[in-house]
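Please find below some notes for a colleague who is meeting this structure for the first time. They are set out as numbered points, each of which can be checked against the model.

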Amino acid sequence: MNEAIGWLTDPATWQGQTGIPWRLVEHLAMVGVSILAATLIALPVGLWIGHTGRGANIAINIANIGRAIPSYAVIVIILPFSLAVSRDLGLNVIPTFLAMVLLAIPPILVNAYAGLREVDRDLVEAARGQGLRERQILTGVEVPLAAPVIVGGFRTAVLNVIATATIGAVLGFGGLGRFILDGRAKGIVGMGELIGGAVLVSVIAVGVDLLLAFVQRTLARRADPQLARAHGLRELSELPLPPGLP
Amino acid sequence: VEIRWDWIVEHLDDIALAVWQHILLTAVPLAIGFAISLGLAIWAMRKPWVYGPVTTITGILYTIPSLAAFALLVPVFGFSLLTALIPMTSYTLLILFRNNVAGFQAVPREVLEAADGMGYRSRERLLRVELPLAVPLMFAGLRLAAVTLIGLATVVSILGSTYGGLGQLITDGLQTFFPTKYVLGGVLSVALALVVDVVFVRIERIATPWARAHSEQAAPA
């Protein structure tokens, strides 16, 4: 532990393109872009399936296959193909990035679907009866009520993606996983870097998760204050997939 | 991509060994994690205040990225098997605990009252009534945990070279720039995860013939 503190308090650790700030930016940028890409694909599909009720089997199958994917395995399966495309980017960025997008899609899609399915059908019918268009029903009724569950999908996705970006260091991708791998490679001398890096990654992951949990809780309170109270806010802060989904 | 099939054919023994090691690397933490989480779930059923703190703590453990979790234990246990097994076990706790509790909660109140009325003692009631009825949801948790563990087991090889399993094929293959080896390790890990998923569904159906109707239900994931 002393080595880790020594490493973390060494000014050199915080400077340049191998320093913590730069590695943190690399890590978070990769997380942000991959979540954005996954959202563009998964959210419309999930909302459409949830709204129309069509293709529910697709959503369930994606959920099952999605969580069966080991991230390290996906990265190395993509690797030879991306190497064929580009020798540089194909090694350190593309495989990890694609794996991150692939792993972020299932939770976002499935929770969007599941969240919408949970919305009281009578409410939707009532909105329809009042002459609201389908799009208005979706954005005005369904999405606000399903928001906590939808954000729950993002929470899972972000968690997967932060962990996968860390593993990406194996192929030479930057990010915070670099410290763990470089520390490991240096042996005893690198112990501080190894542990310090691991602590950093853990703190970031837990911090981001708490932040999203807070967003989720706020949305839950807004969507249905009574329900939020009935469930106890702690429960809602970690709203899982509703039962009924395999 | 050039896959050297001749290498695969020559090394079938090593590959089979890697698969077997991977299964062990998954099964041991799954068994330990299930025992711990079952105890915690029984405790939480008796004392409801336990539920909150347990989900919070296991939730934080679950949030720590796998490579970091392994690295954190290196100073304590070196590159031993414990460094791999402890985080893998702790990752299962959130999933298994929640599903075990959900399983117990799914037992209808009337059934419990009927058991009490028949003179079951609390231990008997637990073993003969509550546990069997909680099995479907517990199995859903085991299935999810097992599949998650298969992925985690590949990651341990990144830090050490003594754990074996399919991750070892991947890491060795990467270090020697030998695509056949790492692609094979990757494909077999995905395949193993899918097979285990299916196997768990089958076992559950066979083990709980009375719960056919519930088998579609799953647990909070």
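This is a predicted model: local features need pLDDT of at least 70, side-chain atom pairs count only at pLDDT 80 or more; totals for chains, interfaces and linings use all residues.

1. The closest N and O atoms of A:K186 and A:E193 are 2.6 Å apart.

2. Over all chains, a search of the whole structure finds eleven salt bridges. In chain B, B:E130 pairs with B:R125, with 3.1 Å between the closest N and O atoms, and both B:E130 and B:R125 are buried. In chain A, salt bridges link A:E125, A:R128 and A:E134 in a network.

3. Another salt bridge joins the side chains of B:R143 and B:D197, at 2.9 Å from N to O. This pair links distant parts of the chain, since B:R143 belongs to helix α7 of chain B and B:D197 to helix α9 of chain B, 54 residues apart. Both B:R143 and B:D197 are buried.

4. Leaving aside neighbours within four places in sequence, the residues in contact with A:E142 are A:H51, A:L116, A:V119, A:R121, A:V124 and A:I137.

5. The largest nonpolar core has 70 residues, and those with the most contacts inside this core are A:Y72, A:I180, A:L194, B:L159 and B:L174. Helix α7 of chain B, residues 122-155, gives the most to this core, contributing ten residues. Apart from it lies another core, of 37 residues, including A:A127, A:V141, A:V158 and A:F173.

6. Which residues does A:Y72 touch, not counting those up to four places away in sequence? In chain A, A:Y72 touches A:I167 and A:V170. In chain B, A:Y72 touches B:T154, B:V155, B:S157, B:I158, B:G167, B:I170, B:T171 and B:L174.

7. Helix α2 of chain B, residues 12-46, has 35 residues and reaches 51 Å from its first C-alpha to its last, close to the 51 Å expected at 1.5 Å a residue. The buried residues in α2(B) include B:I15, B:A18, B:H22, B:L25, B:P29, B:G33, B:S37 and B:A44. An α-helix has 3.6 residues a turn, so residues three or four places apart point the same way. What covers the buried residues of α2(B) includes α1, α3, α5, α7, α8 and α9 of chain B.

8. Six aromatic pairs are found over all chains. One of them is formed by B:W43 and B:W49, an edge-to-face pair with 5.9 Å from centre to centre and 75° between the planes.

9. A last point concerns a ring in chain B and a charged residue in chain A: A:R184 lies over the face of B:F79, at 3.8 Å from the ring centre.

Key
Residues are numbered from 1 along each chain as its sequence is written. Chains are lettered from A and ligands numbered from 1 in the order in which they are written. Side-chain values use heavy atoms; hydrogens and water are left out. A nonpolar core is a set of buried Ala, Val, Leu, Ile, Met, Phe, Trp, Tyr and Cys residues joined through side-chain atoms within 4.5 Å. Buried means under 20% relative accessible area, exposed over 50%, partly exposed in between (1.4 Å probe, protein chains only). Helices (H or I, at least four residues) and strands (E, at least two) are DSSP runs, numbered from the N terminus. Contact means heavy atoms within 4.5 Å. Rings of Phe, Tyr and Trp (its six-membered ring) pair if their centres lie within 6.5 Å; planes under 30 degrees apart count as stacked, over 60 as edge-to-face and the rest as tilted. A charge sits over a ring if NZ of Lys or CZ of Arg is within 6 Å of the ring centre and within 35 degrees of the ring normal. The expected span of a helix is 1.5 Å times one less than its number of residues. A salt bridge is a side-chain nitrogen of Lys or Arg within 4 Å of a carboxyl oxygen of Asp or Glu.
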